[in-house]
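Here is a short report on one protein chain. Look at the sequence and the model first, then read on.

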Amino acid sequence: MTFLVTEKCIRCKYTDCVEVCPVDCFYEGPNMLVIHPEECIDCGLCEPECPVNAIFAEDDLPEKYKNFLPLNEQLSKKWPNITRRKDAPADADEWKEKENKLQYLEE
């Protein structure tokens, strides 16, 4: 099993989760983070750190986010690894409550 980042992260990209990951399995895109599913050790430390609740265990993934398992896998193979917390985008708070943000994903 793995943990996954869902569309709730898009345009928010808080990186609190990165700081607690013991295996550095987060990857950073232009406006979202993803988890490499083969590197994740299922420790669960990242999930409570996300201020927008964008991280889910694979087994608890809501149906509407099922497409994020292959998306996390695909994007983690092309985006650079991130191991340290960074400041969120200046407008992150404006985006954290918005739904249906997949259209804003920048690859």
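## Fold and core

The secondary structure of this chain consists of three helices and four strands. Both are DSSP runs, numbered from the N terminus: helices are H or I with at least four residues, strands are E with at least two. Along the sequence the pattern reads β-α-β-β-β-α-α. The radius of gyration is 12 Å, close to the 13 Å of the globule rule for 107 residues, so the chain is as compact as a globular protein of that length. That radius is taken over C-alpha atoms, and the rule is 2.2 Å times the number of residues to the power 0.38.

The model is predicted: local features need pLDDT of at least 70, side-chain atom pairs count only at pLDDT 80 or more, and totals for chains, interfaces and linings use all residues. Residues are numbered from 1 along each chain as its sequence is written, and side-chain values use heavy atoms, with hydrogens and water left out.

Buried residues make up 46% of the 107. Buried means under 20% relative accessible area (1.4 Å probe, protein chains only). The largest nonpolar core holds 35 residues, with Val5, Phe26, Met32, Ile35 and Ile55 making the most contacts inside it. Such a core is a set of buried Ala, Val, Leu, Ile, Met, Phe, Trp, Tyr and Cys residues joined through side-chain atoms within 4.5 Å.

Leaving out residues up to four places away in sequence, Met32 touches Val5, Thr6, Cys9, Ile10, Lys13, Tyr27, Phe68, Trp79 and Leu105. Contact means heavy atoms within 4.5 Å.

Methods:
Buried means under 20% relative accessible area, exposed over 50%, partly exposed in between (1.4 Å probe, protein chains only).
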